[in-house]
Each structure stands twice: as structure tokens, then as C-alpha cells.
Amino acid sequence: MLFFCQTGNSLRKLGILRIRSQSMLRRKFLSGVLPARIIEQGKQEQPSFLPPGGGLTPYAGTWSRAQVIHLLKRTTFGAKPEDVNYFSSISFESAISELLNPTAPLPSPPVKDYTPGTNVLRPDINIAPGTTWVNDLGADGNLNFNRISSFRKWWIGNMINQDRSIREKMTLFWHNHFATETDTIGNPILIYRHHNLLRTQALGNFKSLTRAITLDPGMLIYLNGQLNTATAPDENYARELQELFCCGKGPNSKFTEDDVKAAARVLTGWRINNTTGTAFFDVARHDRNAKAFSSFYNNAVIQGRTTATAGEQELDDLLNIIFATQEVSKYICRRLYRWFIYYDIDATVEATIITPLANIFVQNNYEIKPVLEALLKSEHFFNSLTIGCQIKSPIDLVVGLCREFGVALPPASDFLTNYGHFNYLFSWAMNMQQMIGDPPDVSGWKAYYQEPMFYEVWINSDTLPKRNQFTDIMVVNGYTFNGYKIFIDVAEWAKKLSAPGNPNQLINDITALIYRIDLSTASKNQLKRDILLAGQALDHYWTDAWNLYIAQPGNTANTSFVRTRLRDLLKYLMNLSEYQLC
């Protein structure tokens, strides 16, 4: 069992290293090539080790709660006990189908939860509290700040209240992939529309999504597309379209600087109508000459056009030559692999997972769902080496905790209180270095691309204590806003488990749900004696207390004992390194 140390710099650093060891080296444990020395004077050895096997062969193993929990933790934010029970009751095929085919309606737009200050030019008096602002374009900078805050709170709420599908996880994936920053876009309505585009097309066609993103007003502002003219070409979006959005930076992605310049010329002429917040094409600002591309794009030439449809026609030509390369499909499949499986892509994974997935992607005309279906149904996805090898992102930690422990929120009609709690949760994720709406830059969060650390960047001497502090608060005191407290109701949550009166089964059920790497029997027995049994030797000591709690919840002394024991157990378990793994 690995313990977190709450005080002392050297001990805290050791705790961080242990988390990293758990995520980085667990494959070495399971594949039998763990080095004799793991940590020596703060350094970690990283020898090669076997990747998960199975390739894309369809999974034919056991479909039990363990597999369900793994699937849900990777495709949704946390594994709610109710969802685990539900997906355990249906077939493997049905579970994958339901996750990939959401039937729930898209969430209603964010609402006005703010009272503008006296310094705003337009006090927003025409929009009633609790109604949406997303159709009112005429706001000033101070009001925009309030609305961007409303948008972020709303998004947290969507993740907490998500349906039983992969849609919310994919929305965040695309936000990381087509990264934008609210501070740069500035206009909350354009921010919302950009986000809504990601959500509505999250499981659709990647080429269509890329086209829509290219002409999205939020992206036109963020990467200077609206400033791109024939007389002053701006290469910003043209570069990222190839380097970050489509082709990547791999060794076989050999587009040139001249390709960037040619693509920028193709994209000249797009502007934003500030009255409607929509994009339009201005042929007078468009480069009407031919644009020649390198051998990476088969020396393609896009003919210049002079009509009002020139912008859309040349954009289609540009996307056609980009998507004709093999690098697009491989790059996106690598991104999906690192999001859902693991960051290390060696030659074996490239050959047995990435290349076959890329072929599926191309054969299905760049539809996302066939790729996800093949990956999630594969032996590789359920291989023991893929389980518990990720470090939870801050959003996974914060939102997943609320969902897995059934943190109760007020009725949806109490939007002010709900948004206040959503803001609290947003702030925690932000302080742990994941600010939704504002990734660090256009590359997204470093956890999904920065070699060699990847997910390990989530854990450092600043964020680790904050993770522990957040879980401690939620299990001990909670957070109160507008007189309503959100917290983990430990006793009510325990009632959802299979046999909460049996201390052995209780600990087994809890660790099976919140951990991906189980504790040893000796560790569980120690936890049972020290916490649930309060030092007693016989199991009935807990069983009797639990049964009395169920029969007489008004027995103050016994109820306090039960809640305190459960609270201390959960607090302890969430402070172990195993809780940080997904």
C-alpha cells in the first residue's frame, strides 16, 4: 500500500514519485520486467516493457463488474454505482452500443445566474434570471465576463449530470484537440456556439467537424482567421490545421513551410459579422491566385477562384488534399489512443492498434464512431495492462467524485444554488491545473502530448496536496452555498453497496469501485481493524453497528459512530495513491 504524505517537502515528493510509479510501472509489474531498482535518490528507471496484447481482436472475456467499471471510468466521468449496476445487467455489445449512441437530448443552454455590476453599459435587464443569454449578442466586456463564468459553471453541471454515453468525454476530447481559450475569443456567445459545435458533432464525421471548426467564428478569432487577407496572409490557423488538428508532428508528417503559406492563402477572405456572430466570405480580401503544395500533398494545386463561393470551394479542396494523406487518420487515432488507453505508443502498438484503426477510419470516410467501437470492443482495451495506467485528470477527479459518490445537488429549478456549486467545483479543477474553456495554449493540455511526462504532469508538489484537500473536504465538511451543502453522504452511499453490514465485503466493494489497482488482503484487513472495527477483533462489531443504524437511525451515538467510521475509511482510501489512477 502506498501512502500520501501530507507534510514535509521530501515526503511529499516521495508521494508524487509513488503515484508516478503506480501509473508508469504497473505494466512492468504485470509483464514481469520490473527493474530491480525503481526509485533511487528521486530518479526513476524507465526500461522498455511489454505493451498490452490482443490488438483489435474483439474482446471475448468475462463481462463482469470489473470490466464495466473500467469501461465507464474511461468513457464517462467516474463509474456511478447505478450505472455499474445498469451496464452489468445488459450485454457487452449492448453496453458499447448505448455508450456510442446517445439518445438523451442535448443540454439546455446556460442561463443568467449573475447580477451585472453598475459599470456595465448594458445591464442585461431584458434577460430574466434563469433564462439563457446565448442569443443576445450586444453585451459589453464586463457583462461578457459574467456570461463566460456562467458558461463554465454550466459545463461542469453537464458533466456531472451526463447521460449514459461517451458524449461528454468526447466533447472534452475535442475541446482539448481543437483547443481555444475564452480569454482570447472574448465573446461568450461565440464561445458557447463553438462548444455546442464540439458537442453536437462529437461522435460524427471528423472531416465535417474540421470544416465546421475552420469557419467557426470563435476559431476565426482565436487563430486570427478573420485577419487573414490576400495582402497580409496570416499563417496561424493554416499551421495549426496541419500541425495540431490534422497531420500532427510525427516523423512522417512532412508538410512544409510553403504548404503552410499556401494553406493560409487558401483561407484568406473569411470575416465575422458582428451583428449576427456568423462567418461570411469576402471575395475582395481573398487571394485569387493558384496555390501549389509540396510532394507531401502529391504536388496538388488549388486553383484560385473569384466568385462569392470561392472561399468554400477552396476550403473543400484544401481539406481534400490534407485528408488524402495517411497521416490524418493515424494522427487522430494516436490522439484517441492516448485519451482512452495510455500515452506510450511503441512500434507494436503502432502496428497492431494505430494502423488498423486508421484503416477503419479511412474506410468509414472519417466517421468517429467506427473507430471508437473497434477500440472499445478490443482485447487491447480490456487487457490487464491498460487498467489503472492513467493518472486522473483534475476534471476526472472532481466530476468523477461527485458522480461516483452520488453527491446530491439542489433541484434544477434552483439554478442560482446549482451554479454556485458548479463554480466551486470548477475552481478546484482549475487550481489543479485543468481550467475548462482555457487550455494552456492551442496544443491543449500537456498531459496528452508532452513527452515524456504526459499524464504525470497532473501530479506535482502543488497539485497533489490540493487533490487530497478536495477529497478531504468533500467527505468531511462539504461546501455550502445559499444554505445548501454538497458533500459525500457516506452512510447513504454505503447503502448502495452489496453488503454494507459485512466489513469485508464493504471494503471490497468500495475498493473495486474507486480503485483500478486493488489493495492486498493484508492491507484491507488492517483497514478493517483500525477503522471500521475501531481496533476490535471481531467483524460483528461493525455488523451490529450497521444493523442498528438501519433499524434505529435516530440513535444519535450509534449513527455518529457509523458515519465517522465510514468517513474515516473513505478519507483514508482517497488519500492513497491508488485513488489517483484511472
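In helix H2, the buried residues are Gln-67, Val-68, Ile-69, His-70, Leu-71, Leu-72, Lys-73, Arg-74 and Thr-75. Buried here means under 20% relative accessible area, exposed means over 50%, and partly exposed is in between, with a 1.4 Å probe and protein chains only. Helices are DSSP runs of H or I with at least four residues, strands are runs of E with at least two, and both are numbered from the N terminus.

A word on the source. This is a predicted model, in which local features need pLDDT of at least 70 and side-chain atom pairs count only at pLDDT 80 or more, while totals for chains, interfaces and linings use all residues. Residues are numbered from 1 along each chain as its sequence is written, and side-chain values use heavy atoms, with hydrogens and water left out.

Staying with the helices, Phe-87 lies in helix H3, residues 81-88. Phe-87 has 1% relative accessibility and so counts as buried. Which residues does Phe-87 touch, not counting residues up to four places away in sequence? They are Trp-63, Val-68, Leu-72, Ala-95, Glu-98, Leu-99 and Arg-164. Contact means heavy atoms within 4.5 Å. Val-68 and Leu-72 in that list are among the buried residues of H2. The C-alpha atoms of Phe-87 and Arg-65 are separated by 8.5 Å, and the two residues are 22 residues apart along the chain.

Next is helix H5, residues 141-160. H5 has 20 residues and reaches 29 Å from its first C-alpha to its last, close to the 28 Å expected at 1.5 Å a residue. The expected span is 1.5 Å times one less than the number of residues. H5 is mostly covered, with 17 of its 20 residues buried.

Toward the other end of the numbering, Thr-559 lies in helix H25, residues 556-574. Thr-559 has a relative accessible area of 12% and is buried. Leaving out residues up to four places away in sequence, Thr-559 touches Tyr-549, Gln-552 and Pro-553.

Now the whole chain. Its secondary structure comes to 25 helices and 8 strands. The radius of gyration is 26 Å, close to the 25 Å that the globule rule gives for 582 residues, so the chain is as compact as a globular protein of that length. That radius is taken over C-alpha atoms, and the globule rule is 2.2 Å times the number of residues to the power 0.38. The C-alpha trace spans about 85 × 60 × 50 Å along its principal axes. Of the 582 residues, 55% are buried. Among contacts with a separation of 6 or more, 71% are between residues 24 or more positions apart.

On to the space inside. How many cavities of 30 Å³ or more does a search of the whole structure find? The search finds 4. A cavity is a set of points, on a 1 Å grid over the protein atoms alone, where a 1.4 Å probe fits but cannot get out, and lining residues have an atom within 4 Å of a point. Grid points are joined across faces, edges and corners, and a volume is the space filled by probe spheres set on the points.

The largest cavity has a volume of about 100 Å³. It is lined by 13 residues, and the closest to its centre are Lys-169, Trp-339, Gln-390, Asp-396 and Tyr-448. By class, the lining has 6 nonpolar, 2 polar and 5 charged residues. Ala, Val, Leu, Ile, Met, Phe, Trp, Tyr, Cys and Pro count as nonpolar, Asp, Glu, Lys and Arg as charged, and the others, Gly among them, as polar.

The second largest cavity has a volume of about 90 Å³. Its lining includes Thr-214, Leu-215, Asp-234 and Trp-270, and divides into 7 nonpolar, 4 polar and 1 charged. The largest share of that lining, 3 residues, comes from helix H11, residues 236-246.

Last, some backbone details. Asn-224 is in the loop between helix H10 (217-222) and H11. Asn-224 has a positive phi of about 65° although it is not a glycine, and at 23% relative accessibility it counts as partly exposed. Asn-482, in the loop between strand E7 (479-481) and strand E8 (484-486), has a positive phi of about 55° and is not a glycine either. Is Asn-482 buried or exposed? Asn-482 is exposed, with a relative accessible area of 54%. The peptide bond from Glu-451 to Pro-452 is cis, with omega near -5°. Pro-452 sits in the loop between helix H19 (415-431) and helix H20 (463-476).

Definitions and conventions:
1 Å grid on protein atoms, 1.4 Å probe; cavity = no way out; pocket = protein on both sides within 12 Å on 5 of 7 lines; lining within 4 Å.
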